[in-house]
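Thank you all for coming; I would like to take a few minutes to walk through one model with you. Please have a look at the display first, and then I will go through the parts in turn.

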There are 2 protein chains.
Amino acid sequence: MTARGRASKNRPYHHGNLRDALIVAAAELIQESGSEDFAMIEAARKANVSSAAPYRHFREKDDLLRAVSELGFFDLARHMLAIRSSCQPGSVACIVAMGKGYVRFVTERAAFFDLMWGDRGVQLMAELDEGDSQFRVTGFNVLVEEVELWCEHEGLGDTDPLDLAMKLWAMAMGLSHLVINHYLERFNPGVDAYQMLESSTHAFLQGVKQGREAN
Amino acid sequence: MTARGRASKNRPYHHGNLRDALIVAAAELIQESGSEDFAMIEAARKANVSSAAPYRHFREKDDLLRAVSELGFFDLARHMLAIRSSCQPGSVACIVAMGKGYVRFVTERAAFFDLMWGDRGVQLMAELDEGDSQFRVTGFNVLVEEVELWCEHEGLGDTDPLDLAMKLWAMAMGLSHLVINHYLERFNPGVDAYQMLESSTHAFLQGVKQGREAN
DNA sequence: AACATTATGTAAGACCGTCTAACATTGCAG
DNA sequence: CTGCAATGTTAGACGGTCTTACATAATGTT
């Protein structure tokens with residue numbers, strides 16, 4: 001007979017699927033209170049285990065956070081693939097749709113922004129992609145492919161699709177940032193971020209078609 | 001006769017300018033080790049005072065961090081004003097220069113990115129700007145004014161300069177983000193961020209002049 | 001079944017950082 | 001010069017990370 005530490009009589013000594021339970025608990029806690037305030041011990045509490053239990057599954061707090069991000073990246077890749085498969089390949093509309101989809105994905109997961117798009121995130125992406133094609137997980141490769149198609153359609157042979165895709169990513173990322181941190185509503189209240197992305201993208205691609213003088 | 005706690009015989013009981021010393025110490029520590037790892041107590045150690053002393057000047061850790069960001073924002077405003085005064089008003093070149101200046105400022109202070117451009121930052125900016133013209137501190141107003149001039153020069157009467165400036169800000173912010181977190185070097189090694197910003201801006205403004213169909 | 005081995009959980013506690021409370025020293029106002 | 005306000009100190013409550021030693025369960029071996 002031993003002290004069970006926590007409530008209930010029938011709860012087995014082993015949790016059964018603690019690793020996953022902790023990831024879910026962490027995601028929920030982060031959603032509620034942000035990633036800065038997240039405490040390993042709270043995830044343990046939420047899963048009804050002792051504060052030391054998580055360390056059987058994650059060497060340190062950061063490992064659990066990485067696991068949470070990982071799910072996010074897979075999620076994003078699925079999201080981007082779904083969008084591509086629902087629009088005409090190589091069209092501006094498709095590129096716009098992917099941009100909007102990205103902004104939607106990122107801003108709907110504002111609490112995970114630092115986690116996924118900060119230092120940790122890139123490093124994780126690098127590990128996930130390791131040893132294989134350069135952009136498998138993030139969905140960025142999907143964008144690059146679309147841009148490549150668009151360049152062909154428009155006869156822009158001497159344009160680097162990777163460079164273009166990167167610039168489009170920067171636009172979407174920057175806009176997401178401004179949305180998440182409420183810069184948009186503070187400086188230009190009532191404006192629609194998706195609308196902004198759409199017109200920006202149109203103007204940008206227009207300008208790319210146009211000009212050599214612009215470099 | 002009392003225990004002095006710390007070394008030295010001649011050091012006076014009172015520091016003299018602890019508040020500023022703590023801000024400086026904090027900035028240095030953050031520069032070295034990032035803002036996440038920053039500990040109030042380390043700033044205190046660096047200033048040779050006890051761990052409780054800082055609380056005479058800052059109600060909580062976040063207050064000290066805000067003070068650090070505040071300096072950053074004033075710094076940025078000065079930076080932007082200097083750039084504007086060194087190029088022709090309303091020209092594309094000026095807008096590009098301001099964009100590059102912004103990217104330089106932000107990326108050179110990568111360790112302060114979360115601090116200045118996360119939730120804390122916006123809130124702080126709001127307080128700094130409070131009660132006066134909407135964009136005094138950030139330097140964003142300077143950009144808006146330049147864009148406004150450019151629109152006049154180009155005869156774009158029905159174009160909203162604020163909206164345009166916001167889009168340019170998003171580009172610069174996104175690019176800075178990609179640089180700081182090493183996305184650029186990972187996905188397109190060797191590329192120059194300033195070059196990217198310049199060509200993006202040219203293409204974008206080109207497209208804006210061009211098209212009504214784009215919005 | 002009996003046993004060893006491994007996986008996974010618990011309790012206790014070292015360590016560190018935040019912040020508070022009570023007390024000490026100093027500068028300054030009257 | 002006296003007393004208050006400002007600013008520093010020590011002690012410690014509190015909470016989170018992570019480690020160590022031990023407990024329990026699952027699994028495989030014979």
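I will begin with the single chain, then move to the packing of helices, and end with the contact between the copies.

Before that, a word on conventions: this is a predicted model, in which local features need pLDDT of at least 70 and side-chain atom pairs count only at pLDDT 80 or more, while totals for chains, interfaces and linings use all residues. Residues are numbered from 1 along each chain as its sequence is written, and chains are lettered from A and ligands numbered from 1 in the order in which they are written.

Chain A has ten helices and zero strands, where helices (H or I, at least four residues) and strands (E, at least two) are DSSP runs numbered from the N terminus. Of its 215 residues, 40% count as buried, a word I use for a residue with 20 or more other C-beta atoms within 10 Å of its own, as against exposed for 12 or fewer and partly exposed in between, with C-beta atoms placed from the backbone. If we take contacts in chain A between residues at least 6 apart in sequence, 64% of them join residues at least 24 apart; a contact here requires that the two C-beta atoms, placed from the backbone, lie within 7 Å.

How do α4(A) and α7(A) pack? Helix α4, residues 92-108, and helix α7, residues 140-153, both of chain A, pack at an angle of about 160° with their axes 9 Å apart; axes are lines fitted to C-alpha atoms, for helices over the stretch in contact, and angles run from 0 to 180 degrees between N-to-C directions. That angle makes α4(A) roughly antiparallel to α7(A), since angles over 145 degrees are given that name, those under 35 count as roughly parallel, 65 to 115 as roughly perpendicular, and the rest as oblique. On the α4(A) side the contact is made by V92(A), C94(A), I95(A) and M98(A), and on the α7(A) side by L143(A), E146(A), V147(A) and W150(A). These residues divide into seven nonpolar, no polar and one charged, counting Ala, Val, Leu, Ile, Met, Phe, Trp, Tyr, Cys and Pro as nonpolar, Asp, Glu, Lys and Arg as charged, and the others, Gly among them, as polar.

Now to the two copies. Chain B can be laid on chain A with an RMSD of 0.0 Å by a turn of 180° and a shift of 0.0 Å along the axis, the superposition being by least squares on C-alpha atoms of residues with pLDDT of at least 70 in both. The copies are thus related as by a two-fold rotation axis.

Their contact takes 40 residues from chain B and 39 residues from chain A, and α8(B) gives the most to the side of chain B that touches chain A, with twelve residues. By class, that side has 20 nonpolar, 14 polar and six charged residues.

Finally, which residues does G174(A) touch, leaving aside its neighbours within four places in sequence? G174(A) lies in helix α8 of chain A and is in contact with A170(B), M171(B), M173(B), G174(B) and H177(B). G174(A) is buried, with 25 other C-beta atoms within 10 Å.
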